[in-house]
Amino acid sequence: MIEAVAERLEGAPRQLRRRWSDEFKAQVVTEALEPGASVSAIAHRIGIHPSQLFAWRRDARAEQDYRLRHSSCEGVVAPVAGSVIEIAIGKVVVRAGVDVDEAHLQRVIRAVRSA
């Protein structure tokens, strides 16, 4: 028979979960996507575990993939966060600034898909 001892459970410290704004997450993810950026160093600097930042990046990419799959061929490519969008087509990754011309980006995507 297993018996719970209440004193042990009551002594555990309570920690409140921190809530990060979507804007803050987007800013940090954008920084983490920069070429040569260290996810671990960025996470350490802002006081979170690196796995949390990797999860934020994964979620941002999943949201981008969802938007790309559910947009029409003539639709606008939505940015992941901040100033960079990343589009994975098979083994090829296309990175572009959010100010890139939509028509040019569509031509690049078509060229990658047909290659």
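**Reading aromatic pairs, a helix and a pocket**

The structure, a predicted model, holds two aromatic pairs.

User: How is a pair of aromatic rings described?

Analyst: A pair of aromatic rings is described by two values, the distance of the centres and the angle of the planes. Here Trp-20 and Phe-24 form a stacked pair, with 4.9 Å from centre to centre and 20 degrees between the planes.

User: Are Trp-20 and Phe-24 buried, exposed or partly exposed?

Analyst: Trp-20 has a relative accessible area of 26%, so it is partly exposed. Phe-24 also counts as partly exposed, because its relative accessibility is 23%. The cut-off for buried is under 20%.

User: What is the geometry of the rings of Trp-20 and Trp-56?

Analyst: Their centres are 6.1 Å apart and their planes stand at 70 degrees, so this pair is edge-to-face. Planes over 60 degrees apart get that label.

User: Where in the chain do Trp-20 and Trp-56 sit?

Analyst: Trp-20 is in the loop between α1 (6-10) and α2 (22-33), and Trp-56 is in helix α4 (residues 50-69). They are 36 residues apart, so the pair links distant parts of the chain. Trp-56 is buried, because its relative accessible area is 6%. Through ring pairs, Trp-20, Phe-24 and Trp-56 are linked into a cluster.

User: Which residues of α4 are buried, and what covers them?

Analyst: The general idea comes from the helix repeat. An α-helix has 3.6 residues a turn, so residues three or four places apart point the same way. In α4 the buried residues are Leu-53, Ala-55, Trp-56, Arg-57, Ala-60 and Gln-64. What covers the buried residues of α4 includes α2, α3 (39-46) and β1 (84-89).

User: Arg-57 is on that list. What is Arg-57 in contact with?

Analyst: Arg-57 lies in helix α4 and counts as buried because its relative accessibility is 16%. Leaving aside neighbours within four places in sequence, Arg-57 is in contact with Val-29, Ala-32, Leu-33 and Val-39.

User: How is a pocket found?

Analyst: Rolling a probe the size of a water molecule over the atoms shows where empty space is left. In this structure, the second largest pocket holds about 220 Å³ of space.

User: Which residues line the second largest pocket?

Analyst: The lining consists of Leu-16, Arg-17, Arg-18, Arg-19, Trp-20, Lys-25, Ile-48, Gln-52 and Trp-56. By class, that is four nonpolar, one polar and four charged residues. Trp-20 and Trp-56, the residues of the edge-to-face pair, are both among the lining residues.

User: What are the elements of the whole chain, and in which order do they run?

Analyst: The protein chain has five helices and two strands. From the N terminus on, the order is α-α-α-α-β-β-α. Of its 115 residues, 26% count as buried. Among contacts with a separation of 6 or more, 37% are between residues 24 or more positions apart.

User: What can be said of Val-108 in helix α5?

Analyst: Helix α5 covers residues 102-114 and includes Val-108. Val-108 has a relative accessible area of 27%, so it is partly exposed. The C-alpha atoms of Val-108 and Val-94 are separated by 8.4 Å, and the two residues are 14 residues apart along the chain.

How values were computed
Residues numbered from 1 in each chain as written. Predicted model: local features only at pLDDT ≥ 70, side-chain atom pairs only at ≥ 80, totals over all residues. Heavy atoms only, no water. 1 Å grid on protein atoms, 1.4 Å probe; cavity = no way out; pocket = protein on both sides within 12 Å on 5 of 7 lines; lining within 4 Å. Points joined across faces, edges and corners; volume = space filled by probe spheres on them. Nonpolar A, V, L, I, M, F, W, Y, C, P; charged D, E, K, R; others polar. Phe/Tyr/Trp six-rings, centres within 6.5 Å; stacked < 30°, edge-to-face > 60°. Buried < 20%, exposed > 50% of the residue type's maximum accessible area, 1.4 Å probe, protein only. Helix = DSSP H or I, 4+ residues; strand = E, 2+ residues; numbered from the N terminus. Contact = heavy atoms within 4.5 Å.
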